[in-house]
Amino acid sequence: MRRAHLLSVAVLLLCTACSSDPYRDSGEGAKKAVDHAAAVRAAIERTSADSARVDEKIELQSADSPTAYVFTIAGAFDLAGDKGRLSVELEESGMDPVEEVFVGDTVYVRGSRAVEEGKWASALRSEALTRYFLRAPLNDPEHLLRQMKAMQQVSNEGQDQVNDAPAVHYRGTIDHATATLRMTAETKQGLHDLREKLGEDMPVYADVWVDGKGRAVQARLSYFGGMKAMTTMTLSDFGTPVKAEAPPARQVVPVTAGEDVLLA
C-alpha cells in the first residue's frame, strides 16, 4: 500500500501545472550567466577529481497532502575512481535500508526485493534508468553533478555557510533535456506531455555552493509546480578513503534495475 502511495506521488508530479516560483533570476544575473556557469563547471570538475563523504536528501510532497516522503542517502564515494558505498533509506516507512556498492560500471545492492535474502543484486550503472523526477538512477551521485554542469542563466547569490565554512551560492536552471536525463520512457513521456501543455520547459532550478578551495560542496535541484520535489546533496571530508569491493560472485544475482522505490 505504501509503495502504491509513493508511486502515486510521482504521478501527481507529472500532472500538476506550474505555479509561480521564488527562484527567478534578475536581469543583472542573466548578463553574467556565462562567467558564473563557467565557475560552476570548474568547481564540479574539481570535486569530481576527489573522494568525499556524501549526504543526500530527497523530498517529495504533493500540494494536497501534509505527508512528505523523505529519502536519505549517505556514504563515501570516490568520484574520480568510480567507486563508493551508500546506504539508502525512506524515512518513517518501516522499510529496511538498502546498501549499494559502486565498482566501475556495476552497482551491487544488498536488501533489494529483486533477489532472495542474503544475495546481492547487480545492475549496470550505465543502463539504469529512473522513474522519479529529480532522482538519479540507482542514487548515483555523479548523475546529479552531471546535471549541474549543464546549468543555465546562472547568477551569484552571495555567500552562505556549508559544512561550517563560507561558500559562494550560485543559482540557475536546467533545461528539459537535462531534467529528464536517464529517465524511463514512461516517466519521460509524461513530462514531455506536461511540457507541451505548458508551452515551455518545466521550471527546474539548480543551486550549487562552491567553497574557498573552488570545490562544489553542495548541489540542489528543485521544482515547485503544484508539489515539492527537491534533491540536495552535500559533499564533505574530501580525500576520505573509500572501501568498495564487489561481493563474492556466488552471492551476486544480475538483474535489470527495476521499480524498487529505494533505487529510483
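Reader: Where do F77 and F102 stand, buried or exposed?
Author: F77 is buried, and F102 is buried too. Buried means under 20% relative accessible area, exposed over 50%, partly exposed in between (1.4 Å probe, protein chains only). This is a predicted model: local features need pLDDT of at least 70, side-chain atom pairs count only at pLDDT 80 or more, and totals for chains, interfaces and linings use all residues. Residues are numbered from 1 along each chain as its sequence is written, and side-chain values use heavy atoms, without hydrogens and water.

Reader: How many aromatic pairs are there?
Author: Two. Rings of Phe, Tyr and Trp (its six-membered ring) pair if their centres lie within 6.5 Å; planes under 30 degrees apart are stacked, over 60 edge-to-face, the rest tilted. F77 and F102 have 5.1 Å centre to centre and 65 degrees between the planes, an edge-to-face pair. F77 sits in strand β2 (residues 69–78) and F102 in strand β4 (residues 98–103), 25 residues apart.

Reader: Why is the pair of F133 and Y223 called edge-to-face?
Author: Their ring centres are 5.5 Å apart and their planes stand at 80 degrees, so the pair is edge-to-face. F133 lies in the loop between β6 and α4 (141–148), Y223 in strand β10 (residues 216–223), so the pair ties together parts 90 residues apart in sequence.

Reader: Why does F133 count as buried?
Author: Its relative accessibility is 3%, so F133 falls under the cut-off. Y223, at 0%, counts as buried as well.

Reader: What makes E117 exposed?
Author: Its relative accessible area is 82%, so E117 passes the exposed cut-off. E117 lies in the loop between β5 (106–110) and β6 (120–124).

Key
Helix = DSSP H or I, 4+ residues; strand = E, 2+ residues; numbered from the N terminus.
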